[in-house]
Amino acid sequence: MAAGSSGICKVRKNEGGRLVLPFAGRVSSVAVDPIEKKPLYHFKPGSAALSIGFVGCNLRCPFCQNWGISQGVDAPTEPLDPGECAALARHARSASVAYTYSEPAVHAEWVIEAMASVRAAGLSNVLVTNGCVLPPASTELLARCDAVNVDLKSWDADFYRRELGGELEAVKAFIAEAFGAGVHVEATTLVLPGANDSDDEIDAMAAFLASLSPDIPYHLSAYRPMHRWTKPATSPDSVVRLAAVARRRLRHVYAGNLASERNDDPCPACGAVLARRAGYSVDSSGLAKGPDGEARCAACGERVAYRL
Ligand code: SF4
């Protein structure tokens, strides 16, 4: 990074040979969301997450749905002490704090500090990330994290590099590191017509996730024209068809951004509905906590892939 210039993320700057973080401790958004909106469907279903957003990102996705805060640093920001997150979350009756909206990892120092205090207060940490995060930052973040949703945007390394400015191998490594660290992992692919929506590509991404565990929840979300990407929106039929492709590998595949999809989840053992979903609302009365604290089907007692 040349003297006086900023990195791609725009939040790290070389000032006279010194690395400075002009937006350290400044947040663009604080809101309370259903955890399903992250999206996390198998982590504390039905709970609220205090969601914190920043400015800046290390990628430049032309279809970014939050480009107003990710692709520049002009959005209004306010200071927030990382030690305040837990109290804000408790006040908002949130079970977790989610670092989300733009790319939280470019503010890793602040997020790591916030995560430590949130953990100490007995609440959970959720990271919503593009996964282009390398060690040691990934390791430091994941050590304090309870759940992640990682974007797996394409299975084409050239597309990642050329269109997004990212590295597929880094994303795969981050997902594998998170899973290996015992963090609850869900993955999301925004289905882009003509770019990543072939059966083979979705099958390859599902196969990668299944190689870690067939129980990793996988969200296929319909894209809408946004930012610099003007292609028509993903058709609901396409998302539903691709979800069926992914279900050949994975047990929990969800079609997102579709008003028509209910995304109920049946127990793999007895077929009783574990979680009934409509939009972001969920009835999880089909789930019960066993004596060991593990999630179980309320009907048959089978252990199921949820963290309650
Ligand atoms: S990684 Fe996410 S926040 Fe960053 S540009 Fe891409 S879609 Fe936007």
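Two remarks on conventions come first. Residues are numbered from 1 along each chain as its sequence is written. As the model is predicted, local features need pLDDT of at least 70 and side-chain atom pairs count only at pLDDT 80 or more, while totals for chains, interfaces and linings use all residues.

Let me turn to the overall division. The protein chain is assigned domain 1, residues 20-261, and domain 2, residues 263-308; such bounds come from an automatic or database domain assignment. Taken over C-alpha atoms, the centres of these domains are separated by 23 Å. Across the boundary, 11 residues of domain 2 are in contact with 15 residues of domain 1, where contact requires C-beta atoms, placed from the backbone, to lie within 7 Å. On the side of domain 1 that touches domain 2, there are six charged, five nonpolar and four polar residues. In this classification, Ala, Val, Leu, Ile, Met, Phe, Trp, Tyr, Cys and Pro are nonpolar, Asp, Glu, Lys and Arg are charged, and the others, Gly among them, are polar.

Next, the sheets. Helices (H or I, at least four residues) and strands (E, at least two) are DSSP runs numbered from the N terminus, and two strands pair if DSSP finds at least two bridges between them. In general, such pairing is made through backbone hydrogen bonds, either parallel or antiparallel.

Within it, β8 (residues 124-129) and β9 (residues 147-151) are joined in the parallel sense by four bridges, and Val128 stands opposite Asn149 in β9.

Two bridges join β13 to β14 (residues 273-278), and Pro266 has Val273 as its bridge partner in β14.

Some loop residues deserve attention. In the loop between β12 and β13 we find both Asn257 and Asn263. Phi is positive at Asn257, near 65 degrees, and at Asn263, about 55 degrees. Are these residues buried or partly exposed? Asn257 is partly exposed because it has 19 C-beta neighbours inside 10 Å, whereas Asn263, with 21, is buried. The cut-offs are 20 or more other C-beta atoms within 10 Å for buried, 12 or fewer for exposed, and anything in between for partly exposed, with C-beta atoms placed from the backbone.

There are also cis peptide bonds: from Lys38 to Pro39, with omega near -10 degrees, and from Pro135 to Pro136, with omega near 5 degrees. Pro39 is in the loop between β4 and β5 (48-53), and Pro136 in that between β8 and α4 (137-142).

Finally, which residues surround the ligand? They are Cys57, Leu59, Arg60, Cys61, Cys64, Asn66, Ser70, Ser102, Glu103 and Asn130, a residue being near if its C-beta atom, placed from the backbone, lies within 6 Å of the molecule. This shell has four nonpolar, four polar and two charged residues.

Notes:
Contact = placed C-beta atoms within 7 Å.
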